[in-house]
Amino acid sequence: SREAIAEGAVLLRGFARPFEDDLIPALREIVAQAPFRHMTTPGGHQMSVAMTNCGGSGWVTDRSGYRYDGLDPQSGKPWPAMPPSFRTLAEEAAAEAGFNGFAPDACLINRYQPGARMSLHQDRDENDFGAPIVSVSLGLPAIFLFGGLARSDKTRRYRLEHGDIVVWGGPARLAFHGVAPLADSEHALMGRQRINLTFRRAR
Ligand code: MD3
Ligand code: FE
């Protein structure tokens with residue numbers, strides 16, 4: 001199903017389900033090369049969400065700031081390549097939402113264990129805000145908070161479940177958003193965690 005949640009933002013419920021048998025093993029291989037880690041924000045706080053990346057550019061944060069980097073700072077090696085199944089899924093979801101020709105060069109992989117959250121923020125470390133962001137939810141459900149262009153704008157809540165995809169483009173691209181603390185439960189395929197893949201055109 002295709003549900004407009006704001007101008008430029010489209011929710012595709014269950015769109016990733018036909019891909020899960022390819023995504024989950026590919027994810028395991030990425031994590032074997034570039035393990036999840038809790039990065040430090042410029043303010044010196046450790047994030048409750050653990051992260052890794054695949055693709056030519058990876059999002060990183062440390063005391064010096066947020067940036068995209070072609071190398072994993074933990075290993076000094078390039079991030080694992082973006083698996084064909086990841087790229088195809090992101091391209092097909094973007095096209096379904098009206099963004100033909102999306103060519104992501106970055107896939108940030110977020111791991112939420114029970115209690116992990118992401119406070120309200122904007123994604124503005126990318127070079128081209130004309131490209132959408134495609135986000136894929138796997139595992140436990142989460143309450144996603146979607147606000148407006150000002151931090152103080154009221155937020156709406158969406159429950160994102162395993163297999164759901166949201167495509168964020170146009171005027172929604174710079175909206176404030178966040179994730180409420182993950183409730184503890186067990187998912188049949190993914191266990192006690194939520195994984196979110198965010199595909200971006202970063203550089
Ligand atoms: C709305 N991740 O990694 S994905 C992030 O579930 C991030 O892990 C969340 O926010 C997560 O930066 C939310 C949904 C999402 C991603 C990017 C957006 C929503 C967005 C950019 C603009 C507006
Ligand atoms: Fe974000």
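1. Let's start with the shell around ligand 1: by class, this shell has eight nonpolar, five polar and two charged residues. In that count, Ala, Val, Leu, Ile, Met, Phe, Trp, Tyr, Cys and Pro are nonpolar, Asp, Glu, Lys and Arg are charged, and the others, Gly among them, are polar. Please keep in mind that this is a predicted model: local features need pLDDT of at least 70, side-chain atom pairs count only at pLDDT 80 or more, and totals for chains, interfaces and linings use all residues. Residues are numbered from 1 along each chain as its sequence is written, while chains are lettered from A and ligands numbered from 1 in the order in which they are written.

2. Which residues come nearest to ligand 1? Of the 15 around it, they are Asn-110, Ser-135, Trp-168, His-177 and Asn-196. A residue counts as near if its C-beta atom, placed from the backbone, lies within 6 Å of the molecule. At least two shell residues come from each of E6 (106–112), E8 (133–139), E11 (165–168), E12 (177–179) and E13 (194–200). Strands (E, at least two residues) and helices (H or I, at least four) are DSSP runs, numbered from the N terminus.

3. Now for the seven-stranded sheet, which is open, antiparallel in its pairing and ordered E1-E2-E11-E8-E13-E6-E3. Its edge strands, E1 (2–6) and E3 (50–54), each pair on one side only. Pairing here requires at least two bridges found by DSSP between two strands. From one strand to the next, the twist averages 20 degrees. Between E1 and E2 (residues 9–12) there are four bridges in the antiparallel sense, with Glu-3 opposite Leu-11 in E2.

4. Two helices pack on that sheet. H1 (residues 20–33) touches E3, E6, E8 and E13, and its direction makes about 100 degrees with that of E3. H2 (residues 84–96) touches E1, E2, E3, E6, E8, E11 and E13, at about 120 degrees to the direction of E8. Contact means C-beta atoms, placed from the backbone, within 7 Å; axes are lines fitted to C-alpha atoms, for helices over the stretch in contact, and angles run from 0 to 180 degrees between N-to-C directions.

5. The four-stranded sheet is also worth a look: it is open, with antiparallel pairing and the order E7-E12-E9-E10. E7 (118–121) and E10 (156–160) are at the edges with a single partner strand each, so one side of each has no neighbour in the sheet. E7 and E12 run antiparallel and are joined by two bridges; Met-118 stands opposite Val-179 in E12.
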